[in-house]
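Hello,

Here is the structure I promised to pass on.

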Amino acid sequence: MNLSICTISFRHQLVSIDQLVSWAKANHFQGIELWGVHAKNLSDQPDYNKDWLANYELRATMISDYLPLSGPEDENFYKVELLSRLAKHWGAKKIRTFAGQKGSAETNTEERIALVKRLRLICDWLALHNLTLIVEIHPYTYADSVTSTQLLIDEVARENLKLNFDVLHVWESKANVIDALEQLRPHINHFHLKNISSAEFLTVFSPPNVYSASGSREGMVPVFDGAVDFREFIEHIYHHPDPSLIDIDTSLEWFGNNCKNILKHDRYLIQQCQQQCQQVVL
């Protein structure tokens, strides 16, 4: 796994991109998942770019944003073109979005057809820039289960549509995480890793709470300390080797407090787990 920090983790802290990148290099991360808001706000400082990141032996693994999947096409096109320029500037090869704002069970046939049509169009626009669209598995979107996610991929039918396999949200959907990984494996391009102490606290990851500086952080725990068995997940990847997953871009998506200490701790334990798995395989 190529491990990245997410700049969104530091959304409520007074910290510069210089400080984040220096810290990421010092703590042996390989990349930066750049929040779209941060990429836009840095656009008036063009010296911050892919070459600048490369000086720290880092790269932008993904631009994470929220593309509108309804409304006028020209507004969608403008947003896609803006994110494409930002992605090129930072050297990112993929743009993350969500599959709408309604769960699959609440989405009627007409709405699903419109969603598929818009995703096809966005994929075609991004293909002109050699970019991949990453849809995240997430509750309250159409990609909220393994079944609906697979259907969406099949219906959009674009080679540059891939998945961000958010392990916690897959677990939240009541799916068996390992079974889901195997079913969706051909389409997975990115992992998000985060954990929760108990399912009763899952609402802390709802956007209104996460984006609020005064929101609750109760239940957010380090990767190996929660309800999802990440050791089993990582061991499965290494015991069923597939180069596309062993070398996959993986972001530690921490939304809680004490960011640097938690991310440093998780990065170390994940690397330790990987090394142990590699020794067993050898």
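Below is what I found, from the overall fold down to one residue.

This is a predicted model, in which local features need pLDDT of at least 70 and side-chain atom pairs count only at pLDDT 80 or more, while totals for chains, interfaces and linings use all residues. Residues are numbered from 1 along each chain as its sequence is written, and side-chain values use heavy atoms, with hydrogens and water left out.

The protein chain has 12 helices and 10 strands (DSSP runs, H or I of at least four residues and E of at least two, numbered from the N terminus). Its radius of gyration, taken over C-alpha atoms, is 18 Å, close to the 19 Å from the globule rule (2.2 Å times the number of residues to the power 0.38) for 282 residues, so the chain is as compact as a globular protein of that length. The C-alpha trace spans about 50 × 45 × 45 Å along its principal axes.

Of the 282 residues, 54% count as buried (under 20% relative accessible area, with a 1.4 Å probe and protein chains only). Among contacts (heavy atoms within 4.5 Å) with a separation of 6 or more, 82% join residues 24 or more positions apart.

Glu 253 counts as buried because its relative accessibility is 7%. Beyond its neighbours within four places in sequence, Glu 253 contacts Cys 6, Asp 166, His 192, Leu 193 and Lys 194.

Best wishes

Technical notes
Buried means under 20% relative accessible area, exposed over 50%, partly exposed in between (1.4 Å probe, protein chains only).
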